[in-house]
Amino acid sequence: MDRIPILKLGSALLVTIQVDMHDRLAIALEEDLTAKIAATAAKGVLIDISALEIVDSFIGRMLDNIAAVSRVLDAETVVVGMRPAVAITLVELGLSLPGVKTALNVERGMALISRRIDADAVSRGELDDRYDE
Amino acid sequence: MPTRSVGENSMTVTTSEVFEIRSGDDVVRARQQVRVRAIESGFSLVDQTKIITAASELARNTLEYGGGGTMLIECVDDGRRRGVRLTFEDQGPGIPDIERALSDGYTSGGGLGLGLGGAKRLSNEFSITSNPGQGTRVTIVRWK
């Protein structure tokens, strides 16, 4: 079965969805991502959906689930690149994804995640030590 | 079975084809075919996205709740405008309470319960016929 690749970039995981997903592929992605967050102790997950022509209730639920599970595993999910027509349709469908953080593009999404990673480092005192040197 | 078709009045059907919906891959193919027809009919990007999304919800319902069935795609013309009409049919258990099935959040499966009501909101015309034990037929039209 096909799998959607998950890339590791520092403390973040990056997923680019480039195919018209059938439901099984969406479920597999949810499982793979969860396992990868746990295995790598990732602090952030960036999901790029700019290639997706539609997001229906099934994909919407998948994004919501990934965000909720990653939060429980101490990682933050940011969904980026949603097409305007997809956003209009999603809201009319009745899904506004309240639990999912979004950003306009990959760059802004990475910035959100980097801030979170830095804030974590500060709270652990790592950055303070570095500045003391 | 009580039947009512939407937009039957003086509507010309220009193309018509039937697709089997028996697997998740068929749902993907159904979406892609609706996209082709919506583009052919001159739909804007937002209108394309709406009818493809509605088709995805209804095709999944046909598969999950109806145990599989068919989707009929028709390009239609009522003299003033062009549109795409989709008819989903299954011989599954049927829907006992259609009003309830149309309300958001109601689901007999594992979904969000947005499928039927969502598809209705994304369409210009919507009709549903369902008799317990005999199956369900849902027809939607989206105009350009």
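Here is a quick briefing on the chains above, from the overall make-up of chain A to a few residues worth a look. Bear in mind that this is a predicted model. Chain A has five helices and five strands, and one of those helices, α2(A), has buried residues covered partly by chain B. Over in chain B, strand β4(B) is largely enclosed, because seven of its seven residues are buried. The structure also holds one cavity of 30 Å³ or more.

**Chain A at a glance**
- Reading from the N terminus, the elements of chain A go β-β-α-β-α-β-α-β-α-α.
- Chain A has 133 residues, and 46% of them count as buried.
- If you take the contacts in chain A with a separation of 6 or more, 72% come from residues 24 or more positions apart.

**Helix α2 of chain A**
- This helix covers residues 57-72, which makes 16 residues.
- From first C-alpha to last, α2(A) reaches 22 Å, close to the 22 Å expected at 1.5 Å a residue.
- The buried residues of α2(A) are A:Ser57, A:Phe58, A:Ile59, A:Gly60, A:Met62, A:Leu63, A:Ile66, A:Ala67 and A:Ser70.
- Their cover includes α1 (23-40), β3 (44-48), β4 (76-80) and α3 (84-93) from chain A, plus α2 (45-64) from chain B.

**The cavity**
- The largest cavity contains about 50 Å³ of space.
- Its lining draws on both chains: A:Asp20, A:Met21, A:Leu52, A:Ile54, A:Asp56 and A:Ile59 from one, and B:Arg31 from the other.

- The partner of β4(B) is β5(B), residues 135-143, and the two pair in the antiparallel sense over seven bridges.
- Within this pairing, B:Asn131 sits opposite B:Gly135.
- Three residues separate the strands of this hairpin, and B:Gly133 in the turn has a positive phi of about 85°.

**B:Arg82 and its contacts**
- You'll find B:Arg82 in strand β3(B), residues 82-90.
- Its relative accessible area is 39%, so B:Arg82 is partly exposed.
- Leaving out residues up to four places away in sequence, B:Arg82 touches B:Glu40, B:Ser41, B:Phe43, B:Val76, B:Asp77, B:Trp143 and B:Lys144.
- B:Ser41 is 41 residues from B:Arg82 in sequence, yet their C-alphas are 6.3 Å apart.

**Two positive phi values in chain A**
- Most residues other than glycine have a negative phi.
- A:Ala41 has a positive phi near 50°, and this residue belongs to the loop between α1 and β3 of chain A.
- A:Leu97 also has a positive phi near 50°, and its place is the loop between α3 and β5 (101-103) of chain A.
- A:Ala41 counts as exposed because its relative accessibility is 55%, over the 50% cut-off.
- A:Leu97 has a relative accessible area of 7%, under the 20% cut-off, so this residue is buried.

Methods. Residues numbered from 1 in each chain as written. Chains lettered and ligands numbered in written order. Predicted model: local features only at pLDDT ≥ 70, side-chain atom pairs only at ≥ 80, totals over all residues. Heavy atoms only, no water. Buried < 20%, exposed > 50% of the residue type's maximum accessible area, 1.4 Å probe, protein only. Helix = DSSP H or I, 4+ residues; strand = E, 2+ residues; numbered from the N terminus. Pairing = 2+ DSSP bridges. 1 Å grid on protein atoms, 1.4 Å probe; cavity = no way out; pocket = protein on both sides within 12 Å on 5 of 7 lines; lining within 4 Å. Points joined across faces, edges and corners; volume = space filled by probe spheres on them. Expected span 1.5 Å × (residues − 1). Contact = heavy atoms within 4.5 Å.
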